[in-house]
Each structure stands twice: as C-alpha cells, then as structure tokens.
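Trainee: I would like a close look at one part of this model, the sheet and what surrounds it. Please take it strand by strand, and then go on to other elements.

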Amino acid sequence: MMIEKILVLGSNGQIGTELVTALRKTYSEDNVIACDIRRPDYDIKNSGPFEFVNVLEKETLNTIFQKYKPTQVYLLAALLSATGEQNPKLAWDLNMNGLLNILELAITYKTAKVYWPSSIAVFGPNSPKDQTPQFCVMDPNTVYGISKLAGERWCEYYHQKYGLDVRSIRYPGLISWKAAPGGGTTDYAIHIFHDALKKGSYASFLNAATELPMMYMDDAIRGTIELMDAEAGKISIRSSYNFAGVSFTPEILAAEIRKHIPDFKLTYTANDPRQHIADGWPRSIDDSYAASDWNWKPEFDLAKLTTDMLKNLKK
Ligand code: AKB
C-alpha cells in the first residue's frame with residue numbers, strides 16, 4: 001500500500017486547524033505536514049511536522065515539495081470575503097498565484113491529489129438565490145468571489161489538460177469553536193455564540209432577514225475527506241462541488257440560542273460593508289451532485305450545531 005504524505009498549506013486557519021488533526025488521526029502524525037506563514041498553535045506543532053511556508057514563495061514551495069514528495073496537497077491559504085475587500089490586490093495575488101504555484105508543482109512532482117476550497121462567494125447578485133444550482137449565472141462581486149471562480153476554472157483546466165486529480169468544494173459559512181474565523185462575511189454566526197455566553201447579547205453586522213448557507217465544521221471536515229477518498233471515476237465535477245448544510249438568518253439563529261440562554265438579546269448594527277457582500281450570495285444551495293457522486297449528507301442541523309457550539313465554548 002502506498003504511504004500517503006500530505007501537505008496542508010494554511011494549516012493554522014479555521015479549517016486547517018481541524019483538518020490537520022483529522023488527517024493525522026487517519027494517516028499518522030508524521031505523514032501530515034502542517035505548513036503556514038505564521039507560528040502554529042501548540043496542538044499542531046506538537047502533534048507532527050510543521051514548516052513555515054508562504055504559498056507565494058515558489059522557491060520555498062519547491063524545496064518543500066522536493067523534501068516531502070507529497071501524495072496529497074491541501075491548499076487552504078486564502079484571504080476571505082471581508083478582508084479581501086480591504087486589500088483587493090493582496091487577495092487576488094494570494095488566492096490566485098498561490099493556487100497556480102501549487103497546480104504547477106503538483107504536475108512537476110506528480111502529486112496524486114490536490115484539494116483546493118472554493119466558496120458560495122462564486123455566486124453573485126444574478127445567481128438564483130434559493131437552492132442555487134451547480135450550474136447557473138455566476139457574477140461574483142467581491143475580489144474573493146472573483147478569485148474563487150477563476151480558481152475553479154484553473155482547477156478544471158489542469159484536470160482536463162494535464163490529468164491532475166484536483167478536487168474542490170464550495171464551502172458555505174463554516175461554524176466552529178476550535179479556531180477563530182478568518183475575516184469572512186459569515187463570521188457573525190460564530191461571534192454570536194461567543195458573545196451570547198460572555199455578554200448575553202450580540203450586535204449583528206448582518207440584518208435580521210439575511211439568510212445564508214452555513215455548515216458545522218465537523219460536517220465540513222468529514223465531507224472534505226470523503227471527497228478526497230472518493231474514487232476518481234466518481235468525481236464528475238472538476239471545478240468545485242456545491243455543498244450544503246443548513247441555512248438560517250441571524251433572527252432564526254438567535255431564537256435557537258434562546259432555547260439555551262433565554263435572555264439572549266440580538267441587536268443590529270447599520271451600514272456594515274459585509275451586508276452588501278451577503279446580499280449578493282445565495283440563501284440556500286442545491287448540492288445534489290455531491291450527494292449522488294460521493295454520497296454527501298450533512299449530519300448537523302441548526303439545533304444540533306447550536307447545542308454543540310454552546311457546550312464546547314462553555315468549556
Ligand atoms: C466568507 O464569509 O468569506 C467565507 C465564505 C462563505 O467563503 N466564510
């Protein structure tokens with residue numbers, strides 16, 4: 001049996017922190033190399049190898065590929081929607097050139113599989129809002145969304161032209177308690193839990209009616225690994241799969257939190273630029289390709305994720 005060597009680039013972020021832990025459980029600690037531009041937290045550093053890597057530095061990346069000859073690479077380093085709007089050129093550079101560097105090195109070093117996350121941000125104001133289909137009008141209006149859509153096209157191009165086994169998921173907003181979120185528009189759905197426990201109230205930067213697709217991190221990590229474990233012949237989408245968990249508004253989430261913290265108060269702040277970003281995104285996602293190609297099925301509904309978030313954050 002081939003021994004897997006797995007590089008996770010962007011290992012210290014919200015997804016990376018949990019993905020590295022999950023992969024190390026399956027593939028053993030020494031075979032999963034965590035890489036990030038920043039010093040890792042205690043858990044990642046002490047449970048296996050770590051390398052400082054900037055995905056924009058080709059020479060360093062080349063050295064890392066040469067050293068580990070990875071069989072799988074997960075590229076998670078990115079600027080998200082809200083921080084991307086504050087620094088559009090950096091967002092484009094990191095999200096685009098980081099991906100192109102990895103796709104090229106994966107060909108050179110014959111990496112068996114590459115994973116790269118896309119996002120619901122690839123959709124835009126003219127995409128259907130409800131049960132947004134896999135294939136439809138896509139007119140993203142954020143640099144993050146534009147870079148993710150362009151990235152999806154590059155992934156499919158590398159698959160078709162060079163046979164690279166690259167796989168991808170369009171993540172909705174991801175809700176988790178282990179690591180802090182990284183500057184997205186959906187981050188309110190994490191901050192609300194912290195503030196509910198600390199202060200008993202939260203001021204949401206998205207308005208009461210803003211419904212967005214979301215998912216609990218446990219589902220996201222399981223789905224990502226299931227996609228990577230699926231037989232190549234079953235993967236019919238080489239751009240990026242629609243991927244759904246639950247959809248809710250701040251108001252609906254607050255009502256669920258009140259089942260645990262009855263006095264919880266939700267207020268709203270006006271004129272936050274993230275509202276404009278959210279207004280261009282879908283309310284819910286049709287993920288039937290993921291369901292039929294590799295049996296995707298979420299396990300966490302709103303009640304279950306709320307209970308789990310509060311239980312873990314209380315600790
Ligand atoms: C963001 O809000 O930017 C991200 C995403 C939906 O990709 N969480």
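Mentor: In this predicted model, strands β9, β11 and β13 form an open sheet of three strands, in the order β9-β11-β13 and with mixed pairing. The edge positions belong to β9 and β13; each has a single partner strand, so one side of each is left without a neighbour in the sheet. From one strand to the next, the twist averages 40°.

With β9, which spans residues 173-175, β11 pairs in the parallel sense over three bridges. Here G173 stands opposite M214 of β11. With β13, residues 246-248, β11 pairs in the antiparallel sense, again over three bridges. Two of the residue pairs on this side are L212 with F248 and P213 with S247. Helix α12, residues 302-314, packs on the sheet and touches β9, β11 and β13. The direction of α12 makes about 55° with that of β11.

Strand β11 itself covers residues 212-216, and five of its five residues are buried. L212, M214 and Y216 point one way from the strand, while P213 and M215 point the other way. Both sets are buried, with buried standing for under 20% relative accessible area.

Helix α3, residues 58-68, gives a second case to read by side. Its buried residues are L61, I64, F65 and Y68. Seen down the axis of α3, these residues fall within an arc of 100°, so they line one face of the helix. E59 and K67, on the other side of α3, are exposed. Just after α3 comes K69, which takes a positive phi of about 40°.

A last item is a buried charged residue, K148, in helix α6, which runs over residues 143-162. K148 has no salt bridge. The nearest side chain of opposite charge is that of E152, 8.5 Å away, whereas a salt bridge requires a side-chain nitrogen of Lys or Arg within 4 Å of a carboxyl oxygen of Asp or Glu. Leaving aside neighbours within four places in sequence, K148 is in contact with A78, W116, P117, S118, S119 and V122.

How values were computed: Residues are numbered from 1 along each chain as its sequence is written. This is a predicted model: local features need pLDDT of at least 70, side-chain atom pairs count only at pLDDT 80 or more; totals for chains, interfaces and linings use all residues. Side-chain values use heavy atoms; hydrogens and water are left out. Helices (H or I, at least four residues) and strands (E, at least two) are DSSP runs, numbered from the N terminus. Buried means under 20% relative accessible area, exposed over 50%, partly exposed in between (1.4 Å probe, protein chains only). Lys and Arg count as positive and Asp and Glu as negative; His and the chain ends are not counted. Contact means heavy atoms within 4.5 Å. Two strands pair if DSSP finds at least two bridges between them. Axes are lines fitted to C-alpha atoms, for helices over the stretch in contact, and angles run from 0 to 180 degrees between N-to-C directions. The arc is that of the directions from the helix axis to the C-beta atoms.
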